[in-house]
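This briefing sets out the main features of one protein model. It is arranged by topic for a structural reader.

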Amino acid sequence: MIEAPNKFCRLTTIEEEEQEVIYIKRSPSLIKAQKKYYEKNKAKITAKQTEYNNKYTKLTHECECGDVISNAAKYHHIRSKRHARRIENIKNGKLPSALKSEEKVNCECGGHYIFKHRHQHLKTKKHTDFILHQQQNLRKQLSNLNGSQAELIVNNSVEVKEI
Ligand SMILES: [Zn+2]
Ligand SMILES: [Zn+2]
């Protein structure tokens, strides 16, 4: 293809024109003959189609998320939370089946925990000691900065009161 100055006047090469599909216009007599054939074999054709449909819906295929699903379930699967989660996991280089709740987290306190057990971890001595130590450090740094005693209330937000 040759780049044209605007997208509406695309220049085609000879090769491209040769690849064009040729549509055969059905003649009225052919349409009639096909209709006649269909009417005559209606029951057979319908049965064949039903058989095909039944087989088709039971056919399984592997989704891009790694799940093996039947064609019948495909429509719902693609829109499911499970599919979305698996795709997200693959994108992040994790196992498709990885669950956020089962994720191992390395805590800043040096410990580690499983995401669903995070509340228990946050109450452990190791973690609370670490937070306390961090707060003390912060207080020291601030008092050095201010050159006076600073009172800290650390509760998600930091509030500094000068004495
Ligand atoms: Zn999927
Ligand atoms: Zn911790």
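pLDDT is the predictor's confidence in each residue, on a scale from 0 to 100. The model described here is predicted, and its average pLDDT is 82, with 75% of the residues scoring at least 70. Seven helices and six strands make up the secondary structure of the protein.

**Confidence**

- Among the elements, helix α6 (residues 118-122) has the highest mean pLDDT, at 96, whereas strand β5 (residues 150-155) has the lowest, at 49.
- Residues 7-12 have a pLDDT below 50; this stretch has seven contacts in the model beyond near neighbours in sequence.

**Overall architecture**

- The order of elements along the sequence is α-α-α-β-β-α-α-β-β-α-α-β-β.
- The protein has 163 residues, of which 1% are buried.
- Of the contacts with a separation of 6 or more, 3% are between residues 24 or more positions apart.

**Helix α5 and Arg82**

- Helix α5 spans residues 81-91 and contains Arg82.
- Arg82 counts as exposed because it has 12 C-beta neighbours inside 10 Å, and a residue with 12 or fewer falls in that class.
- Cys65 lies 17 residues from Arg82 in sequence; the C-alpha to C-alpha distance between Arg82 and Cys65 is 9.2 Å.

- Helix α7 covers residues 125-146, which gives it 22 residues.
- From its first C-alpha to its last, helix α7 reaches 31 Å, close to the 32 Å expected at 1.5 Å a residue.
- The number of buried residues among the 22 of α7 is zero, so the helix lies largely in the open.
- Gln134 and Cys109 are 25 residues apart along the chain, and their C-alpha atoms are separated by 9.6 Å.

Conventions. Residues numbered from 1 in each chain as written. Chains lettered and ligands numbered in written order. Predicted model: local features only at pLDDT ≥ 70, side-chain atom pairs only at ≥ 80, totals over all residues. Helix = DSSP H or I, 4+ residues; strand = E, 2+ residues; numbered from the N terminus. Buried ≥ 20, exposed ≤ 12 C-beta atoms within 10 Å, placed from the backbone. Contact = placed C-beta atoms within 7 Å. Expected span 1.5 Å × (residues − 1).
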